[in-house]
Amino acid sequence: MRAESWDQNSRYNATMRVTLFGASGLLGQALAQELSAEQLTALSSRDADLRDHARVRAVIHDFRPEWILLSAAYTDVDGCESNRDMAFAVNCEGAINVAQAAREAGSRLLFLSTDYVFDGSKRSPYEISDARNPASVYGESKACAEERLLEILPEVCIARTSWLFGHGGKCFPATILKLASTRPEISVVNDQRGSPTFTRDLASALAHLCRADAHGIVHITNSGDCTWYDFATEIVRASGLPTKVKPVTTAEFPRPARRPAYSVLSPASLHTYNIHMPEWRDALRRYLETSPIVSALQ
Ligand SMILES: NC(=O)c1ccc[n+]([C@@H]2O[C@H](COP(=O)([O-])OP(=O)(O)OC[C@H]3O[C@@H](n4cnc5c(N)ncnc54)[C@H](OP(=O)(O)O)[C@@H]3O)[C@@H](O)[C@H]2O)c1
């Protein structure tokens, strides 16, 4: 990733006080690693449940961080359809609890959001000025949080990302590798287009955004786009497995939550911070090189 050197400015050399919610998650683990040289408080749901306003307030007031990174969320997109109350309690009301505590403590807040705030009807990359129109309960709960956070904390930074993969949890490449190592053929949907994003690249970009005092909505994904079928084909090819990947339609694989058919996010907002993300194939290659699943297959 190309970005302004932090060393160019002495302010960039000072450590930041950061509170991270969601540290045990896929992105949270990469963020904790990226920020390990900072003064970091890394929290899972056991340390502070977002729905517990008093607890959230206490951890923020005790530490008085410069930045709060809110990566915690109820991320089971299909589960959200049957647990609407929980989706809104964690993803929207929980985020509001953090924003209110941030305002009281004078902390900056970076909130992780999603391409699923869009309905997917566009056929060119979504800009930050495009209207939200979520098609799922998960997307609705994140869109609700975005709107409320912008009211409570006008200086909030909302980082929308998509199709995360990384080490330390469930993700698409890990699932494909496991399936492909035991089956001669796998079927993958070929009518949903987006941008896969490596948690390590995203964590690095998010740290740069904090250093750059970012605010407003920023779209951050690895560059380039593909369908899930393209992504799976590249995973199987790059890992040298003989498995055949068969393209299928979303209609053939109905799921409880509707997914956007197209959710590519424009990088223009990220480029204003002079951050340029690597291409998703390059990110996938680096993920596979360090994947214990790939090592076990060899
Ligand atoms: N995954 C994607 O493809 C994707 C795409 C776009 C945007 N995002 C957004 O990116 C962020 C990170 O996603 P991820 O995939 O890293 O998530 P994840 O792996 O599912 O991790 C979720 C994290 O949130 C914590 N959490 C869940 N419920 C909580 C609660 N009630 N109170 C406090 N913490 C709670 C979990 O803690 P425990 O481990 O203790 O349960 C865990 O640390 C989320 O905001 C998500 O909406 C993700």
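A residue is termed buried when its relative accessible area is under 20%, exposed when over 50%, and partly exposed in between, with a 1.4 Å probe and protein chains only. The model is predicted, so that local features need pLDDT of at least 70 and side-chain atom pairs count only at pLDDT 80 or more, whereas totals for chains, interfaces and linings use all residues. Residues are numbered from 1 along each chain as its sequence is written, and side-chain values use heavy atoms, with hydrogens and water left out.

With helices (H or I, at least four residues) and strands (E, at least two) taken as DSSP runs numbered from the N terminus, helix 6 comprises the 16 residues 137-152 and reaches 22 Å from its first C-alpha to its last, close to the 22 Å expected, a span given by 1.5 Å times one less than the number of residues. Buried residues of this helix include Tyr138, Lys142, Glu146 and Leu149, and the elements covering its buried residues include helix 4, helix 5, strand 4 and strand 5, contact being heavy atoms within 4.5 Å.

The structure holds one disulfide, defined as a pair of cysteine sulfur atoms within 2.5 Å, and this bond joins Cys92 to Cys144 at an S to S distance of 2.4 Å. Because Cys92 lies in helix 5 and Cys144 in helix 6, the pair ties together parts that are 52 residues apart in sequence. The torsion about the S-S bond is about -55°, and the disulfide is therefore left-handed. Cys92 is buried at 0%, while Cys144, at 22%, is partly exposed.

Cys226 is buried, at 1% relative accessibility, and its sulfur lies 14 Å from the closest cysteine sulfur, in Cys171, too far for a bond.
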